[in-house]
Amino acid sequence: MIELKDVHKSFGRVEVLKGITASVQKGEVVCIIGPSGSGKSTILRCINGLESYDRGEIGIEGLKVDRDAPSIVNIRTQVSMVFQRFNLFPHRTALENVIEGPLFVKKEPRAQAFERGRALLARVGLAEKADVHPPQLSGGQQQRVAIARALAMQPKAILFDEPTSALDPELVGEVLNVMQRLASEGMTMVIVTHEIAFAREVADRLIFMRDGVVVEEGPARQVIDNPQEAATRAFLSHFHRTGALPPATTAS
Amino acid sequence: MKGFWHDAADFFPILMNGVALTIVVTIGSLLLSTVLGLIWAMMRVSGIKVLSMLSASLINVIRGIPIIVLLFYLYFVMPDLGVTLSALQAAILGLGIAYSAYQAENFRAGIEAIDKGQIEAAQSIGMGWWLTMRRVVLPQAVRIVLPPYGNVMIMMLKDSSQASTITVAELALQGKLIASSTFKNTSVFTLVALMYLTMSIPLILLVRHFEKRAGKR
């Protein structure tokens, strides 16, 4: 459902994407890993039209992603994004954050949006935090609200841009847990992450990137347990690749 | 001192007429400058080159002309061009335009202080430019913009006295008229100064309140 064909992108004179070709099927969970500066986040931002790209083509269910075309609004309501630094709206409560899109972009009836919003907060374990403002929530809680906000758009896919990188270690588990549940429910997900054990456990497919190119890709377990390329092996040697996911300490 | 209180009792009612006009000029030009300033600021951050350049040059032209010259232009030159304004209209229009430049820069600074991630989050749930402004950026920018906005209010209150130059009988002009007919300069201008100060104090307290609130969160 997401197709990238030979995508190039430069920031000034630095070429960060040097011809990326990849695809994501419906219901698939794809993790993108790689050292910083490899262009992982830029790919997500291009798919959602937050960045433009110079050459090649990105399509979502046949619709071309062009951030300057009016169709971009349509694309963004179908493909949600979860950010590294949550980016919740601090002047609105958790519930208001979740229903902002349905209410003002999709023009959903108020009662229905509120009901769905509360249900989504319950789904990420934050039912009782509905009326709290984001600055009063922990990082893990904020990220779970952000996931609920993404889900509220009823997207066909969700892009996760290093969703646990800004979190204290003890809060990582609760966010990964929510994501794992989403994956098992069949949500299409593209996840940029450094959580190798999580990728091994949850992802269907893994893409390893370095310096703006895809170095290796394949079934997650296969790539992590038995990497074919020297660069992949070198990168993975820095991580514990297996083991249980960090425990989700509490549901709230 | 006794003489001062005696004079004060005499002149106070006349000066109060001036106070009324001072307030009218201040509020009128404050509203106008706020609306115009918002428009200039929105043009500036619109991302549309023509609009932002137009707004930037407009702001510079306005900033480069003294208020008093702007007032003379509106009141004395516009009739030659077929547009006759009353002194009060010209004063409100002139001060409003003059201050719109400062308001615009203030609003722009507030808008640009908002974290880029906020705008991206808004875009990622499908919000367009205007919805992002209205629902995400402006509500957060208000908190940043209010303290300097309060300062502009104080400056406008005092600068409304420049309307006296085009015959608006506000507080300063009323004072001058009484002084020149009674020669009681000390009493009159002391009283006028105290009356301006009295009007400023609530605004000064308001600014302090805004600053405290902006410091939170």
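A cavity is defined here, on a 1 Å grid over the protein atoms alone, as a set of points where a 1.4 Å probe fits but cannot get out, and lining residues are those with an atom within 4 Å of a point. Grid points are joined across faces, edges and corners, and a volume is the space filled by probe spheres set on the points. The model is predicted, and totals for linings use all residues, whereas local features need pLDDT of at least 70 and side-chain atom pairs count only at pLDDT 80 or more. Residues are numbered from 1 along each chain as its sequence is written, chains are lettered from A in the order in which they are written, and side-chain values use heavy atoms, without hydrogens and water.

Three cavities of 30 Å³ or more were found by this rule. The largest cavity has a volume of about 80 Å³. Its lining comprises 13 residues, with L4(A), A22(A), I32(A), I43(A) and I207(A) lying nearest the centre. Two or more lining residues come from each of strand 2 (14–24), strand 3 (29–33), helix 1 (40–47) and strand 9 (205–210) of chain A; helices (H or I, at least four residues) and strands (E, at least two) are DSSP runs, numbered from the N terminus. Strand 2 of chain A supplies the largest share, four residues. The lining of the largest cavity consists of 12 nonpolar residues, one polar and no charged, where Ala, Val, Leu, Ile, Met, Phe, Trp, Tyr, Cys and Pro count as nonpolar, Asp, Glu, Lys and Arg as charged, and the others, Gly among them, as polar.

The second largest cavity has a volume of about 50 Å³. R123(A), V124(A), L151(A), V178(A), R181(A), L182(A) and E185(A) line the second largest cavity. Helix 6 (residues 169–184) of chain A gives the most to this lining, with three residues. Four residues of the lining of the second largest cavity are nonpolar, none is polar and three are charged.

Key: On a 1 Å grid over the protein atoms alone, a cavity is a set of points where a 1.4 Å probe fits but cannot get out, and a pocket is an open set with protein on both sides within 12 Å along at least five of seven lines; lining residues have an atom within 4 Å of a point.
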